[in-house]
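Dear colleague,

Please find below the structure that I am handing over to you. I would be grateful if you could read the notes after it with the structure open beside them.

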Amino acid sequence: MPLCPHAPTAVLLALLLLLTACGGGQNPGAPTASPDVSPSAAPSLSGDAAPDRQALALGANPPLGAPPKMTPREAARLADQASLGGNARLLSDMRQLGAPAWVAKQFRQPVSRYRSGGSGSVHVNVGPVFYCDRPGSSPTCWRDEFSSEPLLWDFTRNALGGSDQLRQRVALALQQLIVVSELEVQGTYGLRYHHNLLLDHAFGNYRELLRRMILSPVMGDYLDHANNDPDAPNENFSRELLQLFSLGPCELEPTGALKGGRCQPSYDNAMVRNYAFALTGWTYPAGGSTQWGCWPQGTNCTYYEGDMLPRPARHHAAARPLLSGFSKTAGSTPQQALDAVLDSLMAHPNLPPFVSRHLIQSLVSSNPSGAYVQRVGQAFTTGRYTHREGQVFGSGQRGDLAATVAAVLLDDEARSLPPPAQAGQLREPMLFMTGVLRQLDGVSDGAALGWWWGGALRQHLFRPPSVFNFFPPDYPVPGTALVGPAFGIHNANSALERLNFLTYLLDWGGSAPDPSIPGATGTRVRLDAWLAQADNAAKLLDRLAEQALGEPLREPARSQALTALNAWTQASSGNDWRLNRVRTAALLVFASPQYQVPR
């Protein structure tokens, strides 16, 4: 794809050098691009996306007599951390309420759920003829019944129009901690059920979230513990439960640092086997069937909606020691053994810093201080967080995620300006795209975004390449002593693709609706409200930068950008000169390192 023709070559070249200098990942092979799509019932624009176009684009101030409680920079920073992208309405709400009250308000917002796609009929009466090859099947059968494309429709519409921005962002963080992938599990209805669990429990308790993930039939199929053998169990799930979903492989200090400064294993392979034995005795929910019956005998056929069901006859009978002084007792039921597993994990000292560091890295900063991790871990442990202004978050139960998320977002390290020297993170591809669309009053049904995410940007939302997510949490930023997880999928090619995405939106006009997608809108941004600012290039650039960054572009980038904007005049480009100024301003603001690496 060619770069934007509306920005002077010298400015673009300087910009590219800045972007590629940020560092890059390895992994040169990109996943195969696949087209994407949009939901069966498009939710109306509501909440922070309700369409007062002029206010949305140019910023609405708090009411007269109510001085703002946050500066533009403070609000933009919170939006980067706690939403899928700022826009004028969201920023105004944050400034009017202040950070603690805005977070509390977000905890009360109704859930924007996944709703699109097919039903469990794909796993009923399964026979030698594939479901989508049966007579009368729709040409889009695979997409609608087996793929994650309908979830992308819903995710995108919820991202752009949902009022529950913080819930959506936290569920996304949890989705990258407790991972499943459509690459291994196909069944749209099951993926929808699984990801709605993450939304429902994003502000709940980590113990209950783990329980529901353990009993999720999608997880049971993905990591091989559904219908597990009671005498020789598959260890795949138990290993990832300990290594990736709860404790990590090494013992941790409360700060998240390695205990004693070196890796001392938190468990060994014998303990992995004990957890595998303890978690036997679970089968799929009722509902699935095949023409050959279900196997092994006494189990249910594959079916992805609902919690897995206990099968005591297929549960390991012997006692097994677990971590933290707990054990699976001899003769236990599957439910009793599951409770013992959860007790052992919730009591382990690794769990608070492990979960806390992941949430901080996902929401705020790739390199949090040990003291920050410890303070958030304390909120996780006590189930309560009290802000200095008096607001109290959480139930007082260990593992309370509302208290933990509040501690992540309201800690001094997250809120203080200027930020600590090591603060910040590379904006993930999916957050970059939803952020630009929200900032520019965009609409999208998700159809085109799946192509961008699945192509060179390498972050198709529901198709991580493995249970290890898209990137490791400790990926080193080249040339520094810092880590930057998202740099694991960032390189010169993906840096250019970010610019191409902006070109696609700003110069190509996005994508038209796909008539095969229910409620399709296509993907586009709306720039009209910015045209009134275009007579004054400095005013246009600074207003756009204030909304996107909370501050002007830094020099010399601002002066170079103004030179590019002022090149567009009636004489140089006819009646489109104002639109060209807006396009160029948007390109340079959203491609800037200030936007790409929020701090």
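The notes below describe how the model is to be read and then what was found in it.

**How to read the model**

This is a predicted model, in which local features need pLDDT of at least 70 and side-chain atom pairs count only at pLDDT 80 or more, while totals for chains, interfaces and linings use all residues. Residues are numbered from 1 along each chain as its sequence is written, and side-chain values use heavy atoms, with hydrogens and water left out.

The term pLDDT stands for the predictor's confidence in each residue, from 0 to 100. For this chain the mean pLDDT is 90, and 89% of the residues reach 70 or more. Residues 1-62 are a stretch where pLDDT stays under 50. For that stretch the model has 186 contacts beyond four places in sequence, where a contact means heavy atoms within 4.5 Å.

**Helices**

Helices (H or I, at least four residues) and strands (E, at least two) are DSSP runs, numbered from the N terminus.

Two packed helices are described by the angle between their axes and the distance between the axes. Helix α12 (residues 236-243) and helix α13 (residues 269-278) pack at an angle of about 115°, with their axes 8 Å apart. The axes are lines fitted to C-alpha atoms, for helices over the stretch in contact, and the angles run from 0 to 180 degrees between N-to-C directions. Which residues make the contact? On the α12 side they are S238, R239 and L242, and on the α13 side N269, V272, Y275 and A276. By class, this contact of α12 with α13 has 4 nonpolar, 2 polar and 1 charged residues. In this classification Ala, Val, Leu, Ile, Met, Phe, Trp, Tyr, Cys and Pro count as nonpolar, Asp, Glu, Lys and Arg as charged, and the others, Gly among them, as polar.

**Disulfides**

A disulfide is a covalent bond between the sulfur atoms of two cysteines. In this model a disulfide is counted for a pair of cysteine sulfur atoms within 2.5 Å. How many disulfides does this rule give? The count comes to 3. With the bonded cysteines of the chain numbered in sequence order, the pairing is 1-2, 3-4, 5-6.

- C132 is joined to C141, with an S to S distance of 2.1 Å. The link is left-handed, with -75° about the S-S bond, and both C132 and C141 are buried.
- C250 is joined to C263, with an S to S distance of 1.9 Å. This link is left-handed, with -85° about the S-S bond. C250 and C263 both lie in the loop between α12 and α13, so the pair ties together parts that are 13 residues apart in sequence. C250 is buried, at 12% relative accessible area, whereas C263 is partly exposed, at 41%.
- C294 is joined to C301, with an S to S distance of 1.9 Å. The torsion about the S-S bond of C294 and C301 is about -105°, so the disulfide is left-handed. C294 is partly exposed, with a relative accessible area of 30%, while C301 is buried, at 6%.

**Backbone details**

Where are cis peptide bonds found? The peptide bond from W295 to P296 is cis, with omega near 0°, and P296 is in the loop between β1 (282-283) and β2 (309-310). A cis peptide bond also joins L417 and P418, with omega about -5°. P418 is in the loop between α18 (412-415) and α19 (429-439).

Positive phi values in residues other than glycine also deserve a note. S324 has phi near 60° and is not a glycine. S324 lies in the loop between β3 (320-321) and β4 (327-328), and is partly exposed, with a relative accessible area of 35%. N469, likewise not a glycine, has a positive phi of about 75°. N469 is in the loop between α20 (447-454) and α21 (492-506), and is buried, at 8% relative accessible area.

Yours sincerely

Note on methods: Buried < 20%, exposed > 50% of the residue type's maximum accessible area, 1.4 Å probe, protein only.
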